[in-house]
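Me: I am new to this structure. Please show me how to read its features, one at a time.

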Amino acid sequence: MISEDVSPMTLSQMFNREQIEKFNTLNTPFYYYDISLLSNTLTACTTEANKYGFHVHYALKANFDQKVLETIRSFGIGADCVSGGEVRRAVEVGFENKKIVFAGVGKSDAEINFALDHEILCFNVESIQELEVINKLAGLKGKKASVALRINPNVNAYTHKYITTGLEENKFGINQWEFEKVLVALKSLQNVNCIGLHFHIGSQITDLNVFKSLCIKVNEIVNWFQERHLTIKVINVGGGLGVDYYNPDTNKVADFETYFKIFDLFLERTAQQEVHFELGRALVAQSGTLISRVLYVKHGQVTNFAILDAGMTELMRPALYQAYHKIENISSQDQNSARYDVVGPICESTDCFGKAVELPETKRGDLIAIRTAGAYGEVMASNYNLRDRVNVVYSK
Ligand SMILES: *Cc1c(COP(=O)(O)O)cnc(C)c1O
């Protein structure tokens, strides 16, 4: 939500003076990735997941920067892809093919063929028609494709409606009333091997009770299929774990401990069954910051505007789904503060990062940090208005 900055005004706790001086010498805007925070996050995630033997795949769509991906791969995490391009990127970065899964509601024949050629672990299939197409394309190559059925469990994620995916009104997955037909189809399709079920109900889920509800629903659906003699080797519960956009310094790392514990407690499974997760945002969001410079300050009748050299072309989340990002002026030491609408230069009224944001007195040339921008930030950048490609800077 675009809303007033709720936290008290502080200078950045993320950046020290030396870093800020270095930023001052660089061309803005740029994404800054803190690779050591990313590593700490990955350590926390893998440590907690390993306690229960859970498998984690990283959802590339959140951030497919080369160095970020290499760091994630180095932790033994797999890749969750939603396009042929992402499958290609995962292969290029060196993710093992048997740790790559391919989801998405509209896979083209070319994308399916590419993934078949690379013998990935699994296609997460979203409809009976897709099952038929994969069966046909695999047959033409003399291959058998491993698939998991993406089920729409009709569980409310209680997140923004634009990032809710697990309700019957959403376009994703196979609905309950189609289950019988799927079983019939699977019997006749010789070139697909169904290894499991897949669920992904939405993103930026902060009420962890939602995952308990998901487990209960998953147990029911897994049982339904097993009673009908479909062996479920893999239970893939998707991603969606949220991060704290309001307090990025106090909650640098998501609560993986509680998250995985919920699945351990509530998800029924046998020793033979694997549990897979597809985390995107929670692995990368806090490690990324968009650094921008103030171009102009306009003092209006009701509001002041701080006009940045970054806009929705670099970070689209506020314009796309009214997302909140913490905004800091990291160069002003001014004791006086004022409220600013922090906006970009793009010719769209939704090109606004925050309204009535309290900042120290802000002037042309100041550096502005837009926090928690590591997920769904750089990947959504566009060249609308014929803008330059956004730069990237790493912590080391
Ligand atoms: C986007 C997506 C994810 C990752 O979601 P996050 O909220 O970033 O964890 C996982 N699985 C699928 C199928 C997705 O589309």
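Me: Where does N154 lie?

Reply: First, the ground rules. This is a predicted model, where local features need pLDDT of at least 70, side-chain atom pairs count only at pLDDT 80 or more, and totals for chains, interfaces and linings use all residues. Residues are numbered from 1 along each chain as its sequence is written, and side-chain values use heavy atoms, with hydrogens and water left out. Helices (H or I, at least four residues) and strands (E, at least two) are DSSP runs, numbered from the N terminus. N154 lies in the loop between strand 6 (145-150) and helix 7 (179-188). Its phi is near 55 degrees, a positive value in a residue other than glycine.

Me: Which other residue has a positive phi, near 45 degrees?

Reply: E119 does. Look for E119 in the loop between helix 5 (109-117) and strand 5 (122-125).

Me: Which peptide bond is cis?

Reply: The bond from T28 to P29 is cis, with omega near -5 degrees. P29 sits in the loop between helix 1 (17-24) and strand 1 (30-33).

Me: What covers the faces of strand 1?

Reply: Start with the general idea. In a regular strand the side chains alternate between the two faces of the sheet. In strand 1, F30 and Y32 are on one side, and Y31 and Y33 are on the other. These four are all buried, and both faces of the strand are covered.

Me: Which strands does strand 1 join, parallel or antiparallel?

Reply: Two strands pair if DSSP finds at least two bridges between them. Strand 1 runs parallel to strand 16 (residues 391-394), with 4 bridges. There, Y33 has Y394 as its bridge partner. Strand 1 runs antiparallel to strand 10 (residues 288-299), again with 4 bridges. In strand 10, T289 is the bridge partner of Y32.

Me: What volume does the largest pocket have?

Reply: On a 1 Å grid over the protein atoms alone, a pocket is an open set of points with protein on both sides within 12 Å along at least five of seven lines, and lining residues have an atom within 4 Å of a point. Grid points are joined across faces, edges and corners, and a volume is the space filled by probe spheres set on the points. The largest pocket has a volume of about 560 Å³.

Me: How many residues line the largest pocket?

Reply: The lining has 28 residues. K61, T165, F172, H200 and Y376 lie nearest the centre.

Me: Which positions does UniProt list for "binding site"?

Reply: The unreviewed UniProt entry lists R281, R317, Y321, E348 and Y376. They are spread over 96 residues of sequence, and also in space, up to 26.5 Å between C-alpha atoms. From this set, R281, Y321 and Y376 are in the lining of the largest pocket. UniProt positions are given in the numbering used here, feature names are shortened, and annotations may be inferred rather than shown by experiment.

Me: Is R281 buried or exposed?

Reply: R281 is buried, with a relative accessible area of 3%. R281 is found in helix 10 (residues 281-284).

Key
On a 1 Å grid over the protein atoms alone, a cavity is a set of points where a 1.4 Å probe fits but cannot get out, and a pocket is an open set with protein on both sides within 12 Å along at least five of seven lines; lining residues have an atom within 4 Å of a point. Buried means under 20% relative accessible area, exposed over 50%, partly exposed in between (1.4 Å probe, protein chains only).
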